[in-house]
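Here is a friendly note to read alongside the model. Keep the 3D view open as you go through the points.

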Amino acid sequence: MFDTMTITKVVGGLCGTLLVFLLGNWAADLLYETSASAGHGGEEAAVQGYLIETASEGAAVAEEGPSFEEVFAAADAGAGERVFNKCKACHKVDGSNGTGPHLDGVVNRAVDAVAGFSYSGALEEHFDVWTPENLNAFLESPRSAAPGTKMTFNGLPKVEDRANLIAYLESISN
């Protein structure tokens with residue numbers, strides 16, 4: 001079945017294929033030279049074309065916009081109910097627990113106070129009571145505010161959304 005001519009053809013085909021790949025690699029090296037000294041002015045090739053200015057690590061970033069207290073004073077509970085739709089996957093407001101604890105009565109309630117819910121313990125290390133200010137800090141980025149929390153929600157970046165949500169939660173806790 002396999003004679004010497006067939007074996008010679010197969011070996012020749014493999015060697016030819018290897019040669020094509022080696023020549024392709026050589027041509028790519030010539031086109032996309034990675035050496036800093038080859039053809040682009042020596043050391044000048046390593047200099048960045050433009051510099052993007054960033055704030056230094058020690059510099060404080062100025063807050064933009066109004067403070068949370070000002071936004072919370074003018075918060076709309078109706079808009080907060082719409083923001084709560086993002087929370088419905090894990091939380092309920094009817095007194096029963098879902099993936100997360102129920103949120104009715106959460107404003108000014110002690111942290112980790114829902115009976116029958118297994119908390120991670122990370123919240124007690126950072127907060128005592130769910131004041132509007134503590135809720136604001138937590139809702140902005142739960143994993144940053146309380147590292148180790150089981151809550152996987154990314155947070156609400158807009159202060160208006162957080163204030164409206166807290167106003168809604170406060171309105172249903174009465």
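Which helices each supply at least two residues of the lining of the largest pocket? Helix H4 (132-140) and helix H6 (159-172) do, and the points below build up to that pocket and beyond.

1. A word on the model first. This is a predicted model, in which local features need pLDDT of at least 70 and side-chain atom pairs count only at pLDDT 80 or more, while totals for chains, interfaces and linings use all residues. Residues are numbered from 1 along each chain as its sequence is written, and side-chain values use heavy atoms, with hydrogens and water left out.

2. Now the overall fold. The chain contains six helices and zero strands, where helices (H or I, at least four residues) and strands (E, at least two) are DSSP runs numbered from the N terminus. Read from that end, the order is α-α-α-α-α-α.

3. Of the 174 residues in the chain, 25% are buried; buried means under 20% relative accessible area, exposed over 50%, and partly exposed in between (1.4 Å probe, protein chains only). The chain exposes about 12100 Å², with carbon and sulfur atoms supplying 57% of it; these areas come from the Shrake-Rupley method with a 1.4 Å probe, and for residues only the protein chains shown count as cover.

4. Back to the largest pocket, which holds about 600 Å³ of space. A pocket here is an open set of points on a 1 Å grid over the protein atoms alone, where a 1.4 Å probe fits, with protein on both sides within 12 Å along at least five of seven lines; lining residues have an atom within 4 Å of a point. The volume is the space filled by probe spheres set on the points, which are joined across faces, edges and corners. Of its 30 lining residues, His91, Gly100, Pro101, Phe138 and Met151 are the closest to the centre. H4 gives the most to this lining, with three residues.

5. Do look at Asn164, found in helix H6. Asn164 counts as buried, at 13% relative accessibility. Beyond its neighbours within four places in sequence, Asn164 is in contact (heavy atoms within 4.5 Å) with Ala75, Asp76, Ala77, Ala79 and Gly80.

6. Finally, the cysteines. The whole structure has zero disulfides, a disulfide being a pair of cysteine sulfur atoms within 2.5 Å. For Cys87, the nearest cysteine sulfur is that of Cys90, 8.8 Å away. Cys87 is buried at 14% relative accessible area, whereas Cys90 is partly exposed at 34%.
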